[in-house]
Amino acid sequence: MIDINRIFTDKAGLKEGLSKKGYDVAKIDELEVRLLTRKAWTQGVELLRAQRNAVQSDKSIPVEEKRALRDQITDLEQRLAPLEEEINKLLYDIPNTPDADAPVGKTEADNVVIDEAKQYYKCVCPNPKPHWELAKSLDILDVELASKVSGSMFAFYKGKGARLLRALVSYALALNGEKYQEIIPPHMVSSKTLTFTGHLPKFADEQYKALLDDLWLIPTAEVPLTAGFAQNTYDVSELPKYAMGYSVCFRREAGSAGKDTRGLQRLHEFHKVELVKIVEPSACKAELADLLSDCLCPIQNLKLQYRIVDLCTGDMGDKYGRCYDIEVFSPGVGKWLEVSSVGHFSDYQARRAGIRIKDASGKKGFAYTLNGSGLATPRVWTAIVETYQAADGSVVVPEVLRPFMGCDIIQ
């Protein structure tokens with residue numbers, strides 16, 4: 001969440017930043033009114049309680065007068081409860097403010113391509129097949145069977161297709177294992193945990209929930225990894241903290257109607273290696289550049305055609321202060337596919353999660369959090385199969401994956 005003090009110390013600047021994300025800044029005025037009302041009522045309760053305590057043992061004060069004080073306190077307390085709910089609803093709805101140097105825009109069309117691969121593996125097929133056709137002929141993927149078992153937007157990886165997925169995960173973990181602490185987190189988390197990272201309450205429709213428990217299937221390992229640092233205070237000398245989590249991810253993909261969902265382009269369930277950083281604010285810019293490099297490294301080593309997109313303020317998502325997408329080109333699908341979002345959230349998540357830091361003088365503040373997809377498997381799997389397909393219908397295994405695959409060709 002935002003620093004609530006900015007409403008009183010820098011409301012104009014706050015509104016300017018939020019307007020770049022398309023947020024209705026009139027809600028800031030609504031929140032300010034409620035915050036001032038809460039302050040007045042809270043002070044009123046405290047004053048009445050002091051009066052009640054002062055007359056409590058005074059037998060000369062009529063019982064009716066004491067009862068009237070008690071009733072006034074109860075009335076204000078009862079009015080404070082729904083007011084607190086209104087404040088929280090408004091507060092949790094406010095997105096993070098974007099960095100001053102983030103591209104200003106409203107939609108995907110306003111994003112800026114800042115880097116594009118000049119050297120990559122060239123697909124040798126003049127008319128490359130989409131991965132769902134090629135994979136069916138190789139018997140390495142079956143989305144029709146998955147649809148019978150689970151419904152649309154699921155997948156059965158088979159044989160060397162399953163091995164390719166496992167190789168991608170193993171490679172990503174090995175690539176980053178020296179730098180990041182490897183963690184296999186729980187795949188279910190509480191509502192409180194999802195609130196820490198900004199996935200609740202606003203985006204509840206995009207999550208899967210266990211109906212009989214206060215548990216949700218994780219949309220990304222970012223959620224449990226970040227929450228693992230929650231409600232702690234770290235000395236700045238302990239930072240940065242780097243964590244890497246492999247998990248299965250679950251997303252309802254609400255509102256995806258009309259988008260191309262054939263094959264592996266959009267799934268409700270997928271495997272991903274996630275990278276998370278907890279840093280001090282002054283290091284954020286350098287740490288973000290480093291994280292982007294870490295997330296790009298496997299794509300470069302796989303020799304896939306890629307580009308880096310600097311997301312504009314209106315397209316980067318609520319919790320981001322700055323966000324880059326890494327996209328790969330799939331020749332069979334004929335379009336760019338986003339395979340990693342890399343960004344920082346300033347102190348937006350840390351305020352929700354209570355991730356605090358303390359400097360050498362003892363001054364406390366909030367950490368900054370960052371995360372990026374170390375490797376999200378479905379679309380990378382897609383790009384590999386389509387890019388490395390041969391004229392005879394086989395698929396050449398990228399060189400860096402061969403030790404994990406145990407073969408050079410899928411045929």
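The model is predicted, so local features are described only where pLDDT is at least 70, side-chain atom pairs count only at pLDDT 80 or more, and totals for chains, interfaces and linings use all residues. Residues are numbered from 1 along each chain as its sequence is written, and side-chain values use heavy atoms, with hydrogens and water left out.

Let us begin with helices. Helices (H or I, at least four residues) and strands (E, at least two) are DSSP runs, numbered from the N terminus. Two packed helices are described by the angle between their axes and the distance between the axes. Here the axes are lines fitted to C-alpha atoms, for helices over the stretch in contact, and angles run from 0 to 180 degrees between N-to-C directions.

Find helix α7 (residues 160-176) and helix α12 (residues 377-387): they pack at an angle of about 120 degrees, and their axes are 10 Å apart. That angle makes α7 oblique to α12; angles under 35 degrees count as roughly parallel, over 145 as roughly antiparallel, 65 to 115 as roughly perpendicular and the rest as oblique. The two helices cross in a right-handed way. A crossing is right-handed if the near helix is turned clockwise from the far one by less than a right angle, and left-handed if anticlockwise.

Which residues make this contact, where contact means heavy atoms within 4.5 Å? From α7 come Gly161, Leu164, Leu165, Leu168 and Val169, and they meet Thr377, Val380, Trp381, Ile384 and Val385 in α12. The residues of this contact of α7 with α12 comprise 8 nonpolar, 2 polar and no charged. In this count Ala, Val, Leu, Ile, Met, Phe, Trp, Tyr, Cys and Pro are nonpolar, Asp, Glu, Lys and Arg are charged, and the others, Gly among them, are polar. Helix α12 is largely enclosed by the rest of the structure, because 11 of its 11 residues are buried. Buried means under 20% relative accessible area, exposed means over 50%, and partly exposed lies in between (1.4 Å probe, protein chains only).

Helix α7 has another partner, helix α10 (residues 284-301), and these two pack at an angle of about 130 degrees with axes 11 Å apart. Once again the arrangement is oblique, and the crossing of α7 and α10 is right-handed. Tyr171, Leu175 and Asn176 in α7 meet Asp294, Cys297, Pro298 and Asn301 in α10. This contact of α7 with α10 has 4 nonpolar residues, 2 polar and 1 charged.

Now look at charged side chains. Side chains of opposite charge can pair when their charged atoms come close. A salt bridge is a side-chain nitrogen of Lys or Arg within 4 Å of a carboxyl oxygen of Asp or Glu, and a search of the whole structure finds 25 salt bridges. In one of them, glutamate 86 pairs with arginine 34, and the closest N and O atoms are 2.9 Å apart. Glutamate 86 sits in helix α4 (residues 63-93) and arginine 34 in helix α3 (residues 26-55), so this pair ties together parts that are 52 residues apart in sequence.

Another salt bridge joins lysine 202 and aspartate 93 (3.5 Å, N to O). Lysine 202 lies in the loop between α8 (191-196) and β6 (208-210) and aspartate 93 in helix α4, so parts 109 residues apart in sequence are tied together.

Elsewhere, Lys179, Lys277, Glu287, Asp290 and Asp294 are linked in a network of salt bridges.

Finally, follow the backbone. Most residues other than glycine have a negative phi, and most peptide bonds are trans. The peptide bond from leucine 200 to proline 201 is cis, with omega near 0 degrees. Leucine 239 and proline 240 are also joined by a cis peptide bond, with omega about 5 degrees. Lysine 303, in the loop between α10 and β11, has a positive phi near 60 degrees. Serine 346 has a positive phi of about 45 degrees, and this serine is buried, with a relative accessible area of 10%.

Methods
Contact = heavy atoms within 4.5 Å.
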